[in-house]
Structures are given as C-alpha cells and as structure tokens.
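This report goes through one protein chain, part by part. Please keep the sequence and the structure in view while reading.

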Amino acid sequence: TIATVQPYSVEVESMIEGDPSYFQFVAPGIMAMVVMMSLMTGLPHAISYEKDTGTLDGMLVAPIHRMAIILGKVMAQTSRGMIQGVIILGLAMLLFGVQIYGNILYVLLIMLLTVLSFVGLGILVTSFTDKEETASMIMMTLMFPMMFLGGVFFPIEQMPGFMQTIASALPLTYATSAMRKVMILGAGLGDITTEITFMVVFGLVFLFISVPMFKRAMNR
C-alpha cells in the first residue's frame, strides 16, 4: 500500500492586530520607566534640596501638618511623572506608530499605581540622607538595575534564572508587564490582577515604613 502525504501549509498569525514592531513592545516599558525616574529623581530635589537650603525648616514651623508637606511633595512629583508619561505615549504614537489596543483609562491607572509603588521607597531614601547629592546617588543606584532587569527593553524570559528571580521582586517588572498587556494585548483589569496586587502591596508596605521615618528625620 502506498500512502500519499499531502504537503503541509503553515500559516503564522500574530496574537495582536496590525504589524507588531519593537517600538510597540518597548513603549509600555519606557512609559513605566519614565514615571519611575520622574518620581525617584524628583523627590530628592523636592525634599533634600530644601533641607540643604533651609526652606524646609520654614515649612516645619508653619501651622500645617507634617503629612500635608509629604502629600504636597508627592502630588507635585506625581503630576510631573504623569505628564511625562503622557508625552512619551503621544510621541510613541505619532512618531513610531505605537497603538493602544486596550482601555486608555487602564493605562493611566497603571501609571498612578507605578507612582504608588515607588513613592514610599523615594521617601524612605530621602529620610536617611541629609544632602541632595547623596539622595540622588542612592536613587540612581536603585534605578539603573531596575531599568535593565524590569523587562523594559527585552523579555525577562531571556535572562538567566537568578536575574529572573531578582526581576520578580521589582515593582517596575509588574508595572511594565501590566502596561504591556493593556496596550498590546488589550487586557482588562481581571487580566492584570497579579501586577496590580504586587504594586499596591509593595507601595503600601514602603509607605507604612517610610512615613514614620520621614517624620522622625524631620524632628532631628
């Protein structure tokens, strides 16, 4: 008996619409990274710089609550980070054809959660430092590893095992993953529950630690 095998016809179909590119992959991570950098570099200038110049002492003797000072600094840096993130998104769409397949409101929500996940860490660092240069140096030391281990420029799965373990503990990893799922795959909130939970828990834990430390540092 002679069997005849018909030739196979292989068709490759992308999971996303349109013509995917590296810019489409990297844009969500860059947005999350810009928000992180804006907050992490802005807080040392907003707090430590005023310690150096003495203007923070004037705020502390004013009839306002210490939490109002912290909240004001955080809100200013949050607004700055959100504006920069939106600008990056607009440039990516205009210049590189990046598209958003998910809900734009989810993108803004993830940007806010990115701020929440890093603001406690930023306050904590400025609480332990007296000089703006020292705070900025520590911030940069923390940011650069996260930039390369957070999956911004290449998939985490391509890293060695120990690097993947480190990446799994970084909030930027989850911010990038959530942003990428929403922008590229059109994911809903139910699809990014893990990322949202990690960012919220990470941010709240560091806020719980950093706010008392900041108040104690202001009393020194």
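Is A187 buried or exposed? A187 is buried, because its relative accessible area is 8% and buried means under 20%, exposed over 50% and partly exposed in between (1.4 Å probe, protein chains only).

## Basis of the report

The model is predicted: local features need pLDDT of at least 70 and side-chain atom pairs count only at pLDDT 80 or more, while totals for chains, interfaces and linings use all residues. Residues are numbered from 1 along each chain as its sequence is written, and side-chain values use heavy atoms, with hydrogens and water left out.

## The chain as a whole

Helices (H or I, at least four residues) and strands (E, at least two) are DSSP runs, numbered from the N terminus.

Of the 220 residues in the chain, 42% are buried. The accessible surface is about 12000 Å², and carbon and sulfur atoms account for 68% of that surface. Accessible areas come from the Shrake-Rupley method with a 1.4 Å probe, and for residues only the protein chains shown count as cover. Contact means heavy atoms within 4.5 Å. Among contacts between residues at least 6 apart in sequence, 80% join residues at least 24 apart.

## The loop residue A187

A187 lies in the loop between α7 (171–185) and α8. Leaving aside neighbours within four places in sequence, A187 is in contact with Y106, K181 and V182. Y106 is 81 residues away from A187 in sequence, yet the two are 9.1 Å apart in space, C-alpha to C-alpha.

## A nonpolar patch

F23, I83, I87, L91, L94, L95 and F96 make a nonpolar surface patch of about 750 Å². Patches are made of residues with over 30% relative accessible area and no salt bridge; like charges are joined within 9 Å, and nonpolar side chains (Val, Leu, Ile, Met, Phe, Trp, Tyr) within 5 Å. A salt bridge is a side-chain nitrogen of Lys or Arg within 4 Å of a carboxyl oxygen of Asp or Glu.

Helix α3 (residues 66–96) gives the largest share of the patch, six residues. I83 is found in helix α3. I83 counts as exposed because its relative accessible area is 53%.

## Aromatic rings

A pair of aromatic rings is described by the distance of the centres and the angle of the planes. Rings of Phe, Tyr and Trp (its six-membered ring) pair if their centres lie within 6.5 Å; planes under 30 degrees apart count as stacked, over 60 as edge-to-face and the rest as tilted. The count comes to five aromatic pairs. In one of them, the rings of F198 and F202 have centres 5.9 Å apart and planes at 20°, so this pair is stacked. Both residues lie in helix α8 (residues 193–218), four residues apart, about one turn of the helix. F202 and F206 form a tilted pair, 4.7 Å centre to centre with 35° between the planes.

F198 is partly exposed at 22% relative accessibility, F202 is buried at 17%, and F206 is partly exposed at 21%. Y174, F198, F202 and F206 form one aromatic cluster.
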